[in-house]
Amino acid sequence: MALIRLNTRSIPDDAVTAPKIADGVVSSVAAGDILQVVPFTSSAITDVTSANTWVAIAAANVTIVSKRLNSKFLYMFVLSAEADINTNSAYLFSQVTRGGTRIAASQVNMSLGHDTYESGPQNTVLYTDSPAVAAGTSLVYGCNFRKSSAPSFQVNQQGLTGQDGGSIYSHGYVIEIAV
């Protein structure tokens, strides 16, 4: 068993099994420091079949438990989707949610690829949230999407003709930032 020596004290290699921020350490960080990063990848499939209706995307959900009072949270979600049409792309509008409630909405539309090209381009949603919550608060971030035209689209559609062997799933992260 190897040891790490700090001055005259030793720490066995197997003594640390997971990263942990000790009590009292979190309060000593500077504004702008990253407190934690929670990455996520999801293969959850969501079919969006109705135009002009907001639909919650299962693959966009991520939970983070705050480590500090009044932190900021940077939420990023990359949508992997494909529209069931073979001509023009559909247009999407997005909403960022916290706990299922809309906290931000896109002001511009995002294009979505179609069957002719086998898969759509990935669209990215970024949002910085300042929820003013206590340390230890569980926050669930997510996205809703609304399409502008009749063709349906599917999030995380796999097995399309010509698609690479690997799967491109929706993914993202949420970062807690000290203020």
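**View 1. Ser170 and its contacts.** Leaving out neighbours within four places in sequence, Ser170 is in contact (heavy atoms within 4.5 Å) with Thr41, Ser42, Ala59, Phe77, Val78, Leu79, Ser80, Val155 and Asn156. You'll find Ser170 in strand S15; helices (H or I, at least four residues) and strands (E, at least two) are DSSP runs, numbered from the N terminus. Ser170 counts as buried because its relative accessibility is 0%; buried means under 20% relative accessible area, exposed over 50%, and partly exposed in between (1.4 Å probe, protein chains only). A quick word on what you're looking at: this is a predicted model, where local features need pLDDT of at least 70, side-chain atom pairs count only at pLDDT 80 or more, and totals for chains, interfaces and linings use all residues. Residues are numbered from 1 along each chain as its sequence is written, and side-chain values use heavy atoms, with hydrogens and water left out.

**View 2. The whole chain and its confidence.** The protein chain has 15 strands and zero helices. Of its 179 residues, 36% count as buried. Take the contacts between residues at least 6 apart in sequence: 77% of them join residues at least 24 apart. As for pLDDT, the predictor's confidence in each residue from 0 to 100, the chain averages 77, and 64% of the residues score at least 70. Confidence is highest in strand S6 (residues 62-65), at a mean of 97, and lowest in strand S1 (residues 3-6), at 50. Where pLDDT is low, the predicted coordinates should not be read in detail.

**View 3. An open sheet of four strands.** The order here is S3-S15-S7-S12, with antiparallel pairing; two strands pair if DSSP finds at least two bridges between them. S3 (34-42) and S12 (123-129) stand at the edges with a single partner strand each, so one side of each has no neighbour in the sheet. S3 and S15 (residues 170-177) pair over eight bridges in the antiparallel sense. Look for Val37, whose bridge partner in S15 is Ile175.

**View 4. Strand S6 beside S13.** S6 and S13 run antiparallel and are joined by four bridges. Among the paired residues, Val62 has Tyr141 in S13 as its bridge partner.

View 5. Beyond its neighbours within four places in sequence, Tyr141 is in contact with residues including Ala60, Val62, Ile64, Phe73, Tyr75, Pro131 and Val174.

**View 6. Pro131 in its loop.** Pro131 sits in the loop between S12 and S13 (138-147). Pro131 counts as buried because its relative accessible area is 14%. Not counting residues up to four places away in sequence, Pro131 touches Ser71, Phe73, Arg98, Leu139 and Tyr141. Arg98 is 33 residues from Pro131 along the chain, with 9.1 Å between their C-alpha atoms.
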